[in-house]
Amino acid sequence: MNRHLAEIGQAIAPGAHGPLVSDQARWHTTGALVLPDNMSLLHLPPVSPELNPVVNVWEFLRANRLPFQ
């Protein structure tokens, strides 16, 4: 995750600040994260499927594509 954050931080324009929206997965909230100075993390509330579009993708896949329930 730290490598990923560093890559994103390098892509942000000089002098700009980049907010990154993430869920509250353990690897997004650990104290071991090294966040670049030009970034900040904005965590979604713990239960917010309407704000996290991947939840809708998983619901669709479970209902229509995955052979097991």
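Biologist: In what order do the elements of the chain run from the N terminus?

Modeller: The order is α-β-α-β-α, with three helices and two strands in total. Helices here are DSSP runs of H or I with at least four residues, strands are runs of E with at least two, and both are numbered from the N terminus. The model is a predicted one, in which local features need pLDDT of at least 70 and side-chain atom pairs count only at pLDDT 80 or more, while totals for chains, interfaces and linings use all residues. Residues are numbered from 1 along each chain as its sequence is written, and side-chain values use heavy atoms, leaving out hydrogens and water.

Biologist: What makes His-28 buried or exposed?

Modeller: A residue is buried under 20% relative accessible area, exposed over 50%, and partly exposed in between, with a 1.4 Å probe and protein chains only. His-28 has 14%, and therefore counts as buried. His-28 belongs to helix H2, residues 26-29. Contact means heavy atoms within 4.5 Å; beyond four places in sequence, His-28 touches Met-1, Ser-22, Asp-23, Leu-33, Leu-41 and His-43. Over the 69 residues of the chain, 20% count as buried.

Biologist: Which class does Pro-19 fall into, buried or exposed?

Modeller: Pro-19 has a relative accessibility of 53% and is therefore classed as exposed. Pro-19 is part of strand S1, residues 18-22. Setting aside neighbours within four places in sequence, Pro-19 is in contact with Ser-40 and Leu-42.

Biologist: Why is Pro-45 assigned to its accessibility class?

Modeller: The relative accessible area of Pro-45 is 43%, so Pro-45 is partly exposed. Pro-45 sits in the loop between strand S2 (39-43) and H3, and touches Gln-24 and Leu-51, residues up to four places away not being counted. The C-alpha atom of Pro-45 is 9.6 Å from that of Ser-22, 23 residues apart along the chain.

Biologist: How is Leu-66 classed?

Modeller: Leu-66 has 27% relative accessible area and is therefore partly exposed. Its place is the segment after helix H3 (53-64).

Biologist: Which residues make up the largest nonpolar core?

Modeller: Such a core is a set of buried Ala, Val, Leu, Ile, Met, Phe, Trp, Tyr and Cys residues joined through side-chain atoms within 4.5 Å. The largest one has five residues: Leu-5, Ile-12, Leu-33, Met-39 and Leu-41. In soluble globular proteins, nonpolar side chains tend to be buried together. Beyond four places in sequence, Met-39 touches residues including Leu-5, Ile-8 and Ile-12.

Biologist: What share of the contacts in the chain with a separation of 6 or more joins residues 24 or more positions apart?

Modeller: Such pairs account for 32% of those contacts.
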